[in-house]
Amino acid sequence: MISPASLSPSEAATRLEEFTVIDVRAPGEYASGHVPGALNVPLDRLPQAVPALKSASARGSLLVVCASGVRSTRACEILADADIAAVTLTGGTSAWEGDGHELDRPVGARATWPMERQVRLAAGSLVVAGLVAGRRFPAARWLSAGVGAGLVYSAVSNTCGMAAVLAKLPYNRASHSAAGLDATLDALQG
């Protein structure tokens, strides 16, 4: 598969007004800081948003953003399969902020760890738990082996099942996120 087009943070910043910016992180991550003007359409809800995104892309270019660029690249691939052109922000919001560009942070929003950090914590904790429990119950070591195999599959397939599960936890969901998505889809329809 051909990699989607990408823009560096400095390129995107100079052309930001040309784009409808779509942030595909979980609502909790989005609320902790996002590119100015970005609309939140979580990656796991992207198929539901395709008609609205098609409508928005007919009016102008789409810039897809996540924390590091991995999920936004995957989102661009999904959109390309639906004949929707989009570009990704190289390095995501981390690179955007690292380049000195401001992130919008809604007043009162609580900070949520980036998904990659949550995955590292969960995977590491499960591996350690499997090894510790394995001292008393040897079969528990299979938990560690399963997490390790899942991480290898994640790297090879460039997907992350653990991130998909973690994204559904309450602290990764903004309050009233379903209503928020509906409002976002309405805005995209124009």
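**A buried glutamate and its surroundings**

E29 is buried, with a relative accessible area of 1%, a value that falls under the 20% cut-off for burial. The model in which this residue is seen is a predicted one. Within the chain, E29 belongs to helix α2, which runs over residues 27-31. Leaving aside residues up to four places away in sequence, the contacts of E29 are with A67, R71, T112, W113, P114 and M115.

One of these contacts, W113, also takes part in an arrangement of another kind, in that the charged end of R117 sits over the ring of W113, at 3.8 Å from the centre of that ring.

Among contacts between residues at least 6 apart in sequence, 69% join residues that are at least 24 apart.

As for overall dimensions, the C-alpha atoms fill a box of roughly 60 × 40 × 30 Å along the principal axes. The radius of gyration of the chain is 18 Å, which agrees with the value near 16 Å that a compact globule would have with 190 residues. Of the 190 residues, 39% count as buried, and E29, at a relative accessible area of 1%, is one of the buried residues. The chain exposes about 10,100 Å², of which carbon and sulfur atoms supply 61%.

How values were computed:
Residues are numbered from 1 along each chain as its sequence is written. This is a predicted model: local features need pLDDT of at least 70, side-chain atom pairs count only at pLDDT 80 or more; totals for chains, interfaces and linings use all residues. Side-chain values use heavy atoms; hydrogens and water are left out. A charge sits over a ring if NZ of Lys or CZ of Arg is within 6 Å of the ring centre and within 35 degrees of the ring normal. Helices (H or I, at least four residues) and strands (E, at least two) are DSSP runs, numbered from the N terminus. Buried means under 20% relative accessible area, exposed over 50%, partly exposed in between (1.4 Å probe, protein chains only). Contact means heavy atoms within 4.5 Å. The radius of gyration is taken over C-alpha atoms; the globule rule is 2.2 Å times the number of residues to the power 0.38. Accessible areas come from the Shrake-Rupley method with a 1.4 Å probe; for residues, only the protein chains shown count as cover.
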